[in-house]
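Colleague: I would be grateful for a close look at the aromatic rings of this model. Please describe how they are arranged and what surrounds them.

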Amino acid sequence: MIDYHNLTPEQEEEMIQSEFKALLRDYAATAHKQKIEIITKAFEFANKAHGGVKRRSGEPYIMHPLAVARIVVNEIGLGSTSICAALLHDVVEDTDYTVEDIANEFNPKIASIVAGLTKISGGIFGEGASAQAENFRKLILTIPEDVRVILIKMADRLHNMRTLGSMPPAKQLKITGETQYIYAPLAQRLGFFLIKTELENLSFKYEQPSIYSKLERQIMQVTPMLEDAFRIFIQPITKILDSYGYDYEIVKRIKSPYSVFKKMQTKHITFEEVYDLLAVRIILKPKPNENEKANCWVTYSAITSIYTPHPDRTRDWINTPKSNGYEALHVTVMGPGGNWIEVQIRSQRMNDIAEKGLAAHWKYKTGEQEESDLDKWFKSIKEMLDTSDFTNAVEFMDTFKLNLYSTEIFVFTPKGDIRKMPAKSTALDFAFHLHSDIGSHCIGAKVDHRLVPISYELQSGDQVEILTSKSQKPQMEWLDFCTTGKAKAQLRTILKKELKAIIKRGQDAVEEAINSVGQPVNNQTLQVVLDHFKITNSANLYSAIGNGKIDTSVIPSLFLNKTKNKWMRIWKLQFGSNDNKKEETTSQPTQHNPKKTLHITDADVGSGYKIADCCQPIPGDNVLGFIETGGDVIVHKRDCPVAQKLQASYGNRILSANWETQKVLSFLTTIEISGVDQTGLLKQIVQVISDDYAINIKNINIDTTNGVFLGTLDIYVYSADDINNLCKNLLKIKALKSVKRIK
Ligand code: MN
């Protein structure tokens with residue numbers, strides 16, 4: 001890296017001028033009408049206004065607006081008005097010039113964009129609790145006014161993220177929190193896929209530096225191999241496409257550390273198991289008389305005639321574009337080296353939209369085209385702003401964020417058919433969507449070959465296989481597991497019918513049991529049964545028995561004055577007395593235990609710290625500290641959604657923290673297990689846990705439904721490493737299909 005602090009004034013001037021020339025070169029390469037004069041004027045104005053001021057890195061300040069302007073041209077695709085506004089974006093905020101000065105020197109449009117950017121500038125880090133949230137609110141309010149404000153703000157943020165290394169760690173965390181909470185989803189919603197990916201990756205780099213650099217190293221190690229594979233892979237494809245006379249470009253995409261990390265997390269796999277590190281993108285430039293969609297499909301068939309496609313991994317975003325406008329054909333094929341390789345086929349237009357989003361969307365938009373999803377979204381945001389009365393900015397942010405995510409997801413059947421479902425649909429919704437019979441016999445699902453419960457929330461792109469069982473019956477609780485109106489309505493109809501039959505069955509069973517010991521069925525005898533099961537009315541009792549939730553075998557004994565029987569279907573085991581340990585974790589260890597190693601690096605900590613209830617971090621986790629009003633520090637996991645919100649809303653109260661174990665205190669944590677039920681399973685699980693000296697069990701809950709079980713283990717551990725070891729060991733039990741930490 002260059003040490004900017006030692007540059008002579010002449011060297012600085014040279015650097016500034018060459019960056020400005022680069023900006024003009026970038027601009028000249030675009031199709032925009034060339035308005036060099038006003039851009040030069042804006043540059044000279046800003047250069048004079050920021051004259052002598054340096055950034056933290058030691059660079060002259062003007063290098064920042066210049067970089068933002070270059071992002072605006074190159075990566076967002078905007079023209080001269082936006083370039084001028086980008087060059088001037090910090091002038092009103094940081095110097096003595098006013099918006100009026102800019103309106104006088106330039107024009108009202110540029111002045112109003114700069115005014116919008118000044119309003120939402122990140123300069124307010126004062127004591128106001130929700131100053132940042134308030135800033136976001138202003139930011140969002142400008143969208144319907146002039147979307148360029150938000151696009152330039154996004155460029156500003158991108159450059160700040162690229163240069164985040166020169167900031168102190170606490171400020172880094174504040175900025176990454178904000179970026180993940182709002183800017184990355186926003187970039188995604190606006191269709192700026194490249195920017196979204198870079199923002200997420202940079203946030204990850206500063207939030208989890210050690211994991212990031214390890215992944216970066218691993219990716220670098222395999223890169224030469226991937227490059228070779230790429231060269232060999234595309235050779236026969238280029239031959240065919242050349243023979244068709246196509247104009248095209250083939251590029252390789254290697255996954256970023258963040259997307260590798262995300263994949264490993266969501267699929268519970270190791271780095272070596274991430275099969276799609278390398279993706280190949282083919283960008284077609286159809287001639288005016290050719291049909292771009294047809295060309296994509298021709299290319300698809302050329303590729304699949306050379307390489308065998310994965311039967312379940314063809315994604316047709318051409319006939320059903322994603323709701324952010326993304327269009328492409330994806331196919332995964334078996335490469336010559338025996339690895340699966342994803343190929344993305346797009347036309348130049350589709351590629352522009354995927355990379356430059358909104359701006360490209362406008363460029364290609366024709367008059368007669370019907371209202372796009374994006375336009376609808378802008379409209380709905382505007383309506384929300386007009387009709388809603390938000391009491392505070394944080395509430396506004398939350399509502400807005402809900403709107404950032406698309407309202408539809410696409411999932412796939414095992415055969416690869418695509419189905420559109422409302423966002424937040426569960427596996428059970430999908431089962432009912434397929435057929436009410438499938439829904440009512442659903443016992444779970446396999447998503448991308450992983451076993452999930454019926455309540456699993458589907459994600460776009462999931463491939464879902466519904467598991468059914470003839471003996472399965474719809475349950476009342478299922479109403480909580482489905483979110484679509486269709487599934488709920490079908491379920492209610494079935495339940496009503498079922499309920500009648502179930503009550504009848506339950507009633508018969510109760511009466512038979514009472515009669516079996518020579519007792520009559522009347523209010524008194526019925527009351528004895530109700531009291532025993534602590535149920536207040538007989539209809540509920542009958543349905544519980546009819547459902548098989550309550551076993552009637554205990555009933556005769558109630559009248560023979562015998563001791564209680566066990567009927568619970570949930571196993572609940574209590575191990576030893578861990579009460580003393582529990583107290584340790586719920587109190588404030590710092591005050592009682594000076595050996596504690598909460599190690600907060602960059603600020604004087606208050607009197608104590610607390611462990612956040614929401615994410616329950618333990619030593620070894622990546623954590624951060626949030627200073628409460630009283631001065632205590634609350635420790636959160638860095639990837640905790642609450643922490644991200646705090647980072648975004650109260651950045652000035654975030655501490656960078658580092659937490660290692662000294663194996664003095666143990667912490668309560670919960671892991672979730674699921675799999676196929678079999679005899680002796682519980683014993684095996686307990687065996688594995690008790691073999692591990694670092695771990696104590698507090699509780700085991702296992703719920704079995706038709707051969708599939710879901711359970712939780714509450715355990716005491718010293719550190720995150722202990723949990724990782726335990727999960728590894730538990731997975732050695734064949735019947736266990738998934739083991740993961742949930743708290
Ligand atoms: Mn700026």
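Modeller: The account below takes the aromatic pairs in turn and then the charged groups beside rings. The model is predicted, and a search of the whole structure finds nine aromatic pairs. One of them joins F20 and F43, whose ring centres are 4.0 Å apart with planes at 10°; because planes under 30 degrees apart count as stacked, this pair is stacked. F20 belongs to helix α1 (residues 9-28), whereas F43 belongs to helix α2 (residues 36-49), so the contact ties together parts that are 23 residues apart in sequence. Both partners are buried: F20 has a relative accessibility of 6%, and F43 has one of 1%.

The pair formed by W297 and Y300 has another geometry: the ring centres lie 5.3 Å apart and the planes meet at 75°, so the arrangement is edge-to-face. Here both residues lie in helix α14 (residues 292-306), three residues apart, which corresponds to about one turn of the helix. W297 is partly exposed, at 31% relative accessibility, while Y300, at 17%, counts as buried because the limit for that class is under 20%.

Aromatic residues also gather in a group, as F204, Y212, Y258 and F261 form one aromatic cluster.

Turning to charged groups, the charged end of K41 sits over the ring of F106, at 5.2 Å from the ring centre. The charged end of K252 is likewise placed over the ring of F230, 5.7 Å from the centre of that ring.

Terms used. Residues are numbered from 1 along each chain as its sequence is written. This is a predicted model: local features need pLDDT of at least 70, side-chain atom pairs count only at pLDDT 80 or more; totals for chains, interfaces and linings use all residues. Side-chain values use heavy atoms; hydrogens and water are left out. Rings of Phe, Tyr and Trp (its six-membered ring) pair if their centres lie within 6.5 Å; planes under 30 degrees apart count as stacked, over 60 as edge-to-face and the rest as tilted. Helices (H or I, at least four residues) and strands (E, at least two) are DSSP runs, numbered from the N terminus. Buried means under 20% relative accessible area, exposed over 50%, partly exposed in between (1.4 Å probe, protein chains only). A charge sits over a ring if NZ of Lys or CZ of Arg is within 6 Å of the ring centre and within 35 degrees of the ring normal.
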